[in-house]
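This report describes selected features of one protein model. Please keep the sequence and the 3D view at hand while reading.

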Amino acid sequence: MAMEIAPFKIKRLFLDDARMRVRIKSVTAAAGNDDDFPAYLVVSTAPHNIDQAMEPPTSQALQETKQGLAAIAQDLHRIQKDPTITQPPEIVIVVHGYNTAESGIQAWYSDMYRHIAQDDRSIRQRRNLVFIGYRWSSEQLSLHPIQLWRNLRALPDVPQAALIVGILFVLAYGVWPLIWEPWWNNGLANFIGPAILNIAVGVSVMIATLLLLRTTVYFRDVYRAINFGVPDLTELVRQIDQSIDVLNREDLKANHPDPIEAMRIASRIASGEVLGDEARYGKIKLNFLGHSMGGLVITNVVRILSDVFDRRSIAQNPIPDIGHNLSLGRLVLASPDVPVLSIISSRSNGLASSLRRFSETYLFSNEGDLALRLASTAANYISFPSARQHHGHRLGSVALTKTKKQGIINLASLRRYYPITRPLGEAILTDDQDILNSLYITHSSGKGDGYLSLGELFSRENNKEQRVSLADLFTFFDCTDYRDYKLFLDANGRRDRTQKKVGLLTRAKQKKHLALWDYIEMIFLCFRKRLDVHGGYFNGEYSRQLMYRLAFLGFDGMLRALDADSEALAAAPDDDPYVPERSLDMFDQRCMDKGIQVYLSPLRYRVDVQGADLYATKENIMRTVQPVSLSQEVSEEVASTIPEQPAPEQSKTLAG
């Protein structure tokens with residue numbers, strides 16, 4: 001594989017002999033335990049600044065990158081060939097957010113791997129998983145005087161000169177009466193002095209604002225995420241797909257001496273057909289877990305990797321296939337720094353093509369996320385093309401309407417309006433609990449009751465057909481009032497927890513909506529490191545388990561794991577059948593006990609609880625979403641002229 005640059009470095013994660021700490025070593029190092037599923041740390045080599053001096057990649061660095069890609073591909077290929085592993089291989093890629101140092105990311109990925117490889121029995125028993133923690137070149141905010149001086153020196157000449165002149169005028173105004181007033185009459189001096197001062201202050205404030213925005217590193221991280229993080233992750237996925245393709249073709253050539261026959265079989269496998277013994281070379285599921293700006297990275301990577309010329313991509317139901325060997329599976333977003341528009345079926349939604357390709361999508365949010373509600377929304381004010389302030393809100397700070405019932409707030413509606421005999425799109429139209437009218441942006445000032453639903457925000461018409469949207473594909477977790485034991489590392493590096501349950505993301509006061517004083521209080525607690533309003537999901541005992549199980553097992557796997565964890569069912573006979581509705585009730589009760597509100601996607605209920613086929617069900621719901629632009633209407637007309645093809649066989653795997 002020819003490669004002129006090394007866009008990333010790849011290391012392997014191991015559990016030590018005591019199985020308490022995670023070590024990061026070369027991919028050529030011997031594994032500590034063959035029973036642990038493989039895990040890798042991929043670090044982008046992109047610099048923080050484009051003019052930063054970098055040494056040309058050495059032959060050793062290039063070779064290590066090739067070895068890392070080969071190791072990932074070989075692990076996936078080994079899973080494909082292992083007759084004792086009945087499930088197809090899966091990749092879970094985790095992407096961090098804004099303002100993160102490499103050391104912090106390594107600690108997070110290491111802790112995550114230790115949890116899923118050691119503490120969670122349900123995930124540990126899965127032998128078809130490959131974990132990849134991806135680090136893009138995010139910059140950590142620093143108020144160090146040296147960094148502040150560097151930011152000042154980086155100012156262009158004209159703003160820098162304007163700032164210096166403005167500061168000099170402000171300082172000179174202090175000695176104005178002593179120097180200038182004797183030479184001018186008092187009236188003229190009293191007019192010129194304040195005028196010059198106002199201009200100087202105005203210029204200085206504008207330039208200082210630019211310096212402040214640069215110091216927050218937010219816009220610099222957005223640039224790096226889009227222009228460095230996205231291309232490097234895209235290249236990683238592409239190289240993995242290519243490496244797997246090479247290994248599969250070598251196997252086929254060994255089993256089929258006729259090269260033409262081997263190429264024909266390889267082509268049929270790539271198109272989704274299953275061929276007896278060659279079924280093991282089917283699609284590898286590609287799953288993502290993204291936090292904050294990591295969600296932006298993931299959705300843009302999918303946009304690049306998607307095949308826009310596929311017939312099913314032209315129509316309303318794009319396929320999940322990526323490349324020759326990969327297929328999109330699950331997407332878990334925690335406090336995503338993406339606009340609320342991203343779940344609306346709108347012409348302006350540039351992320352729709354990415355989000356609707358996943359078979360499972362989950363969103364964790366909380367009303368008190370100060371990083372998104374204040375910092376991100378204010379920063380995006382100057383760049384996000386919206387005419388009203390509420391449209392600039394980020395998806396990670398939306399909340400579900402507060403009701404007396406916590407847990408799955410639409411469980412009764414799902415059981416009432418969604419019989420298995422009714423098409424899902426039709427059932428959604430009969431459901432009186434609309435998801436977009438259940439998702440709110442809350443506010444503590446202005447008119448009204450403090451709630452603004454996404455349905456009201458985007459002014460949908462009263463046409464029932466338009467009630468079906470991309471939001472119906474999501475399962476939403478509102479963790480505003482989430483209370484649980486907080487996990488932390490003790491002096492020996494072992495995971496411990498608090499003595500009592502605490503609010504993980506807010507004070508969890510179960511208020512109708514947070515008021516101004518609540519935000520002031522949370523800011524104070526954040527400075528004291530008593531709250532983590534943006535990433536507290538990863539410190540809660542249950543929220544962490546739930547998030548990781550959704551990413552690594554899916555909703556069906558999470559319900560089955562909950563069933564297996566139940567003490568009441570532990571003594572049940574081995575032949576006691578798994579009952580999805582029973583596990584769903586346990587999940588509802590667990591979320592209720594923790595103060596988490598859940599809006600369960602009708603798609604998840606139909607597929608994972610009622611047992612319907614994923615591909616056919618998703619096709620039904622996506623065709624119910626009305627076209628939103630002329631280009632889509634034309635595309636549907638073009639697509640309708642192409643003969644129908646059978647749904648790919650891998651859809652049965654996705655449904656399972």
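## Basis of the model

This is a predicted model, in which local features need pLDDT of at least 70 and side-chain atom pairs count only at pLDDT 80 or more, while totals for chains, interfaces and linings use all residues. Residues are numbered from 1 along each chain as its sequence is written, and side-chain values use heavy atoms, with hydrogens and water left out.

Helices (H or I, at least four residues) and strands (E, at least two) are DSSP runs, numbered from the N terminus. Two strands pair if DSSP finds at least two bridges between them. A residue is called buried under 20% relative accessible area, exposed over 50%, and partly exposed in between (1.4 Å probe, protein chains only).

Strand S4 covers residues 90–95, and six of its six residues are buried. Glu90, Val92 and Val94 lie on one side of S4, and Ile91, Ile93 and Val95 on the other; both faces are covered. S4 runs parallel to strand S5 (residues 129–135), to which it is joined by six bridges; Val94 stands opposite Gly133 of S5. S4 is also joined by six bridges to strand S6 (residues 284–291), again in the parallel sense. Within this pairing, Glu90 has Lys285 as its bridge partner, and Ile93 has Phe288.

In strand S6, eight of the eight residues are buried. Ile284, Leu286, Phe288 and Gly290 point one way, whereas Lys285, Asn287, Leu289 and His291 point the other way. S6 pairs in turn with strand S8 (residues 326–334), in parallel and over seven bridges; there, Gly290 has Leu333 as its bridge partner.

## An open sheet

Three strands, in the order S10-S12-S13, form an open sheet with antiparallel pairing. Strand S10 (399–400) and strand S13 (451–453) stand at the edges with a single partner strand each, so one side of each has no neighbour in the sheet. S10 pairs with strand S12 (residues 439–442) over two bridges, and Ala399 has Tyr440 of S12 as its bridge partner.

## Salt bridges

A salt bridge is a side-chain nitrogen of Lys or Arg within 4 Å of a carboxyl oxygen of Asp or Glu. The structure holds 28 salt bridges. One of them joins Glu90 and Arg126, at 3.3 Å from N to O. Glu90 lies in S4 and Arg126 in the loop between helix H3 (121–124) and S5, so this pair ties together parts that are 36 residues apart in sequence.

Glu90 also forms a salt bridge with Arg330, where the closest N and O atoms are 2.5 Å apart. Because Arg330 lies in strand S8 and Glu90 in S4, this pair ties together parts that are 240 residues apart in sequence. Arg126 is buried, as is Glu90, and Arg330 is buried too.

## Surface patches

Patches are made of residues with over 30% relative accessible area and no salt bridge; like charges are joined within 9 Å, and nonpolar side chains (Val, Leu, Ile, Met, Phe, Trp, Tyr) within 5 Å. Accessible areas come from the Shrake-Rupley method with a 1.4 Å probe, and for residues only the protein chains shown count as cover. Lys and Arg count as positive and Asp and Glu as negative, while His and the chain ends are not counted. The place of a charge is taken as NZ of Lys, CZ of Arg, CG of Asp or CD of Glu.

Arg483, Lys500, Lys501, Arg528 and Arg530 form a positive patch. A nonpolar patch of about 390 Å² is made by Ile164, Ile167, Leu168 and Leu171.
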